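Thanks for making the time, everyone.

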Amino acid sequence: MFKDNMYKDNYINSLRNDIIEVVEEYLSPVALNYGYSEVPLESGIKWKPIVLLIGNYSSGKSTLINEFLGCEVQMTGQAPTDDSFTIITGDSHTSSDEETRVTEERDGKVLLNDPEYPFESLKKHGQKFASHFRLKKVNSDFLNNIAIVDTPGMLDSISERDRGYNYQEVIGDIAQLADLILVLFDPHKAGTVREAHISLRETLPERTFEERVHYVLNRIDECSSLTDLLQVFGTLCWNLSQITGRKDIPVIHLSYSKSAVKNKTLNDEGFLKHLDNRHEKLKETVLKTPHSHLDNLVSFLELHSTRISHLLETLINYKKKMKRHNFKTFIRGSVLSLFISGFAGCYCFFGGYDSEISALVAFSSFSFLMFLWTIVAKMFSSKYHDTILSELDSLTILNNQTREDSWNSIKGIAETYLKKTKGKFSLKKVKKDFSSIEYVDMNETKEFREGISEVTSIHPDEKFLQMK
Ligand SMILES: Nc1nc2c(ncn2[C@@H]2O[C@H](COP(=O)(O)OP(=O)(O)OP(=O)(O)O)[C@@H](O)[C@H]2O)c(=O)[nH]1
Ligand SMILES: [Mg+2]
């Protein structure tokens, strides 16, 4: 059995390393070259699975984390308490037999520059963000295979300028790295907070997958009765359907933190007794994150290879359009020059000059006109380049929602690349890159998916899925 688990462990790890290797070898160089990403893509997936907690201020994010860990790692309080992004991870050097505590802290500047961590891409958010970013190591078994990110509570009254960095962008960047996202609400502000609206309507749909986002209505012990809770729940559902535009309501876990209410008398113990507190379920979900991590890695590979091929396809279409346009301009110029120089030659010939001189006049006027035409053609070409930039949608086919989503995420990148290069790049190279990325998209991802299903179907043993 032990041998079996060893084998399975190795298999999982080698599959994981293979995926990272493909990203490193095929995707990253292309992504960096065309401005698809500013940092190597694999830097975001090399680390352990990440669980992101977001939600209204005082919805109980930090309390929930403390409860998971059985230790006061994060500060809690009724007012907006914590305006930092805190990565909380395990400490392999300190025994979990000792009392659970924070064993090491690192500040943002160190964290953002340490290649051991996947946060290099967050450097662009500036100094102010760096001072609101930190890491805590805790000697807890709970954190052996995962890291949890606690975030500043979402507010109504604050603007990006007040925060000093782009809050939604930071949430989006971390969401992109996360394997699980818990969105917490509380009965006092059930889906009504402005920043939460923006995150759920714009940030998360662009940066993560629907199935990774889990909704939690926390602090339900504060509802005065079951009727009160039903009203709060109804309000939250209505708000969520307005925000997400979905007709089906996602699963909303009802929960409350026993440690937070233990010193207070519950308003109506009766109604809580009939409800299943989902704290334990949430804990299980968080602990199972490494299980979905491999799947998420393949989704990462699929998503980025599809989007990068879409980007390259757009650049190829640009080149083709430009080529067609330049060819037409050349033909027009040649015909016109031929006509004028022919006319000039004939004029000379019938005007009494001998045939040699007339031919020379025709030839030199043709050459001169063609020379003039190349200058005019350059102007036409740069005008056409601007026209294409103003109608970028004409470079792609958007026949389904996936293509539209992909286009929305790469349109800006295509525009920047075309502006930067002024359209002067090698079509041959783009085609070569396109075929190698398409190969990953068509073949490698399929093989990895098969590899994962093989592992899970043959050995449905939980232990082996744990990441090293
Ligand atoms: N009654 C009750 N109080 C809770 C519960 N969870 C948290 N609290 C209390 O609510 C307050 C806010 O909790 P925090 O954990 O600080 O909330 P937070 O979401 O981290 O808040 P910010 O960091 O400010 O965004 C604290 O006083 C907690 O004791 C709960 O389930 N029930
Ligand atoms: Mg907090």
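Which residues does His253 touch, if we leave out those up to four places away in sequence? Please keep in mind that this is a predicted model. The residues in contact with His253 are His214, Tyr215, Val216, Leu217, Arg278 and Leu282. His253 itself sits in strand β8, which covers residues 252-254, and because its relative accessible area is 8%, under the 20% cut-off, it is classed as buried.

Let me move on to the salt bridges, of which the count is 18. One of them pairs Lys419 with Glu415, at 3.3 Å from N to O, and these two residues are 4 apart in helix α14 (residues 401-421), so about one helical turn separates them. Lys419 is partly exposed at 48% relative accessible area, and Glu415 is partly exposed as well, at 26%. Salt bridges with shared partners also link Glu104, Arg106, Asp114 and Lys137 into one network, and within it the side chains of Asp114 and Arg106 meet at 3.2 Å, N to O. Glu202 and Arg201 form another salt bridge, with their closest N and O atoms 3.4 Å apart; Glu202 is partly exposed at 38%, and Arg201 is partly exposed at 44%.

Finally, the surface carries a positive patch made up of Lys320, Lys323, Arg324, Lys328, Arg332 and Lys431. Helix α12, residues 289-350, supplies the largest share of that patch, with 5 residues. Lys320 lies in this helix and is partly exposed, its relative accessible area being 40%.

How values were computed
Residues numbered from 1 in each chain as written. Chains lettered and ligands numbered in written order. Predicted model: local features only at pLDDT ≥ 70, side-chain atom pairs only at ≥ 80, totals over all residues. Heavy atoms only, no water. Patch = residues over 30% accessible without salt bridge, like charges linked within 9 Å, V, L, I, M, F, W, Y side chains within 5 Å. Areas by Shrake-Rupley, 256 points an atom, 1.4 Å probe, with all protein chains shown as cover. Salt bridge = Lys/Arg side-chain N within 4 Å of Asp/Glu carboxyl O. Lys, Arg positive; Asp, Glu negative; His and termini not counted. Charge placed at Lys NZ, Arg CZ, Asp CG, Glu CD. Buried < 20%, exposed > 50% of the residue type's maximum accessible area, 1.4 Å probe, protein only. Contact = heavy atoms within 4.5 Å.
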